Amino acid sequence: MNAVFLVGFMGAGKSSVGRALGERLNWAFEDLDDRIERSEGRTIAEIFRDAGESEFRRAEHDALKRALEELRGGKVRVIALGGGAFVQEQNADLLRTAGVPTVFLDAPVKDLWQRCCKQASQNGAERPLLRSQEQFQDLYEARRKGYSKASLAIQTAGSTVEEVAAEIVRKLGLKPIGIRTEQGEVE
Ligand code: S3P
C-alpha cells in the first residue's frame, strides 16, 4: 500500500510536513480532520461542543477506516492524523493490520504549546483540547508512549519542514510517482 501516516501531538507540524512530503513525492496529501469535518458537516470544535469527545472519536475511527479502504483501492497518499487518533488502540490496530508506515513527529512540549498558541492567535485555529499549559503538558506525557509505537520517530526541533520531509523520504525509502493521479489536496 502506498501511503504514509503522520502522527504526533497538536502543533507537531503533521499538516505542514505532510503537504511538503506530498509535494516531494507527487502524492496527494490528506488531513484526516478535514475528512471528518466534511462527513459530519461541522467543524471539529462543533463536534466536541455539541456531541462530546467520544462522538468525535467515533467519527475519527470511521474516517480512518474509509481512508484505508481508499488506499486499498489504489490511492496513493500522505495522511496527517489528528493528535489523538494514533493513541486510540483501535486506530493503531487498523494501521498495523494495514501495514502502512506511521511517522511520529515530536518536539519539546513547550515548543508544541507555543506553536498551538501562535496558530490560535494568527489564524484562529480552534483546538478543543488546547486548554491550560499544564493540561496540555499532562496530555502530551500521557500520550507519548502511544506515539512511540509508530514505525519511525523524528525529532523536529531545529529542522525546517522541508528537512523533516526529506528525512522521512530517506528513512522510509519512499519513491515519487511520475504522474500524479489526484490533483492538489484531497477535497
Ligand atoms: C486532537 C487534535 C486535533 C483534532 C482534535 C483532537 C487531539 O488535531 O483532531 O482537536 O486529541 O489531540 P491536531 O493534532 O491537528 O491539532
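Trainee: What should I know about the model before I start?

Mentor: It is a predicted model, where local features need pLDDT of at least 70 and side-chain atom pairs count only at pLDDT 80 or more, while totals for chains, interfaces and linings use all residues. Residues are numbered from 1 along each chain as its sequence is written, and side-chain values use heavy atoms, with hydrogens and water left out.

Trainee: Let's begin with the sheet. In what order do its strands come?

Mentor: Terms first. Helices (H or I, at least four residues) and strands (E, at least two) are DSSP runs, numbered from the N terminus. Two strands pair if DSSP finds at least two bridges between them. Here, five strands make an open sheet in the order S2-S3-S1-S4-S5, with parallel pairing. S2 and strand S5 (152–155) are the edge strands, each pairing on one side only. On average, neighbouring strands of this sheet are turned by 20 degrees against each other, direction ignored. The axes behind such angles are lines fitted to C-alpha atoms, for helices over the stretch in contact, and angles run from 0 to 180 degrees between N-to-C directions.

Trainee: How do I read the two faces of a strand?

Mentor: In a regular strand the side chains alternate between the two faces of the sheet. You then check burial: buried means under 20% relative accessible area, exposed over 50%, and partly exposed in between (1.4 Å probe, protein chains only). S3 has both faces covered, with Arg77 and Ile79 buried on one side and Val78 and Ala80 buried on the other. S5 has a covered face, made of Leu152 and Ile154, and an uncovered one with Ala153 and Gln155.

Trainee: Which helix lies across S2 and S3?

Mentor: That's helix H2 (residues 32–40), which runs at about 65 degrees to S2.

Trainee: And what about the length of H8, and which elements does it pack against?

Mentor: Val164, Ala165, Glu167, Ile168 and Val169 are buried in H8. Its buried residues pack against S1, H1, strand S4 (102–106) and S5. Just after H8, Gly173 takes a positive phi of about 60 degrees.

Trainee: Which non-glycine residue has a positive phi?

Mentor: Asn26, at about 70 degrees. Asn26 sits in the loop between H1 and strand S2 (28–31) and counts as partly exposed, at 23% relative accessibility.

Trainee: How do I find the core?

Mentor: In soluble globular proteins, nonpolar side chains tend to be buried together. A nonpolar core is a set of buried Ala, Val, Leu, Ile, Met, Phe, Trp, Tyr and Cys residues joined through side-chain atoms within 4.5 Å. The largest one here has 57 residues, of which Phe5, Leu21, Leu81 and Ile168 touch the most other members. Helix H4 (residues 53–72) gives the most to this core, with seven residues. Take Ile168: leaving aside neighbours within four places in sequence, its contacts (heavy atoms within 4.5 Å) include Leu6, Val17, Leu21, Val103 and Ile154.

Trainee: Last one: how do I describe aromatic pairs?

Mentor: A pair of aromatic rings is described by the distance of the centres and the angle of the planes. Rings of Phe, Tyr and Trp (its six-membered ring) pair if their centres lie within 6.5 Å; planes under 30 degrees apart count as stacked, over 60 as edge-to-face and the rest as tilted. This structure holds five aromatic pairs. Among them, Phe9 and Tyr140 are edge-to-face, 5.5 Å centre to centre with 80 degrees between the planes. That pair links distant parts of the chain, 131 residues apart: Phe9 lies in the loop between strand S1 (3–7) and helix H1 (14–25), and Tyr140 in helix H7 (residues 133–147). Phe9 is buried at 0% relative accessible area, and Tyr140 is buried at 5%. Trp113 and Phe136 form another edge-to-face pair, at 5.2 Å and 65 degrees. Both of these residues are buried. Phe9, Trp113, Phe136 and Tyr140 form one aromatic cluster.
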